[in-house]
Amino acid sequence: MSTPLAQQPTEVAVGVLIRESDGALLITSRPEGKPRAGWWEFPGGKLEAGESVEQALRRELQEELGITIRNCLAWKVTEHAYSHALVRLHWCKVTQWDGDFEMREGQQMAWQQLPLTVRPVLEGSLPVLQWLSEERGLPFDAAVYAESALSEK
Ligand SMILES: Nc1nc2c([nH]c(=O)n2[C@H]2C[C@H](O)[C@@H](COP(=O)(O)OP(=O)(O)OP(=O)(O)O)O2)c(=O)[nH]1
């Protein structure tokens, strides 16, 4: 008999890009073909073998958005259990980058103030929206970001 191994989380690097002029946040939609396509998230992706969080974030943002980050300030680490996967999200604040945004995976991007107006947002990203709201002295209500919020009203 073997004891099942505890599920190992998938490590993910996520960028909170903050626009200097007005503090807006960059939010992108998940491309077609991925789980939860069309849902909104912060840009990023899974670490490849041997990569640091900063290396993975730099690679993902070059691949997905065509920009090169200049800084990556490690901020928080969260975990979220989806039905299909346990993810560990390494959140980095990014305030400087080079290049022009180019949506290389057919996704959409939006610069948004809090509360975001895009819906729905991945559940694993909600703690970060809460912390960002707290930092800015703004109220936070997770319910408005749920998939069900789309069909209400
Ligand atoms: N990029 C990103 N991923 C997030 C956020 N919140 C959240 O729960 N996740 C989860 C969703 C996915 O399970 C995982 C990221 O995986 P992904 O499939 O987007 O990564 P990837 O771009 O490397 O994709 P692939 O190689 O599998 O195609 O992290 C977020 O704000 N941004």
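Thr28 stands opposite Glu41 in β3, where a strand is a DSSP run of E of at least two residues and a helix a run of H or I of at least four, both numbered from the N terminus. Strand β2 (residues 25–29) and β3 are joined in the antiparallel sense over two bridges; two strands count as paired if DSSP finds at least two bridges between them. Both strands belong to an open sheet of three strands with antiparallel pairing, in the order β3-β2-β9. Its edge strands, each of which pairs on one side only, are β3 (40–41) and β9 (109–112).

The model is predicted; local features are reported at pLDDT of at least 70 and side-chain atom pairs at pLDDT 80 or more, while totals for chains, interfaces and linings use all residues. Residue numbers start from 1 along each chain as its sequence is written. The protein chain has a mean pLDDT of 94, and 94% of its residues reach 70 or more, pLDDT being the predictor's confidence in each residue on a scale from 0 to 100. For the complex, the predictor gives an ipTM of 0.94 and a pTM of 0.94.

Strand β7 (residues 86–94) takes part in two further pairings, with β1 and with β6. With β1 (residues 10–17) the direction is parallel, and eight bridges join the two strands. In this pairing Leu17 stands opposite Val94 of β7. Strand β6 (residues 73–81) runs antiparallel to β7 and is likewise joined to β7 by eight bridges. His80 stands opposite Val87 of β7, and four residues lie between β6 and β7 in the hairpin that they form.

The ligand is surrounded by 16 residues, of which Glu41, Gly44, Gly45, Lys46 and Gly124 are the closest; a residue is counted if its C-beta atom, placed from the backbone, lies within 6 Å of the ligand. Two or more residues of this shell come from each of β1, β4 (44–46) and β7. The largest share, three residues, is that of β4. By class, the shell contains eight nonpolar, five polar and three charged residues. Here Ala, Val, Leu, Ile, Met, Phe, Trp, Tyr, Cys and Pro are nonpolar, Asp, Glu, Lys and Arg are charged, and the others, Gly among them, are polar.

An unreviewed UniProt entry places the feature "domain: Nudix hydrolase" at residues 9–134; such positions are given in the numbering used here, feature names are shortened, and annotations may be inferred rather than shown by experiment. In the model, this span is 17% helix and 35% strand, and the C-alpha atoms at its ends lie 27 Å apart.
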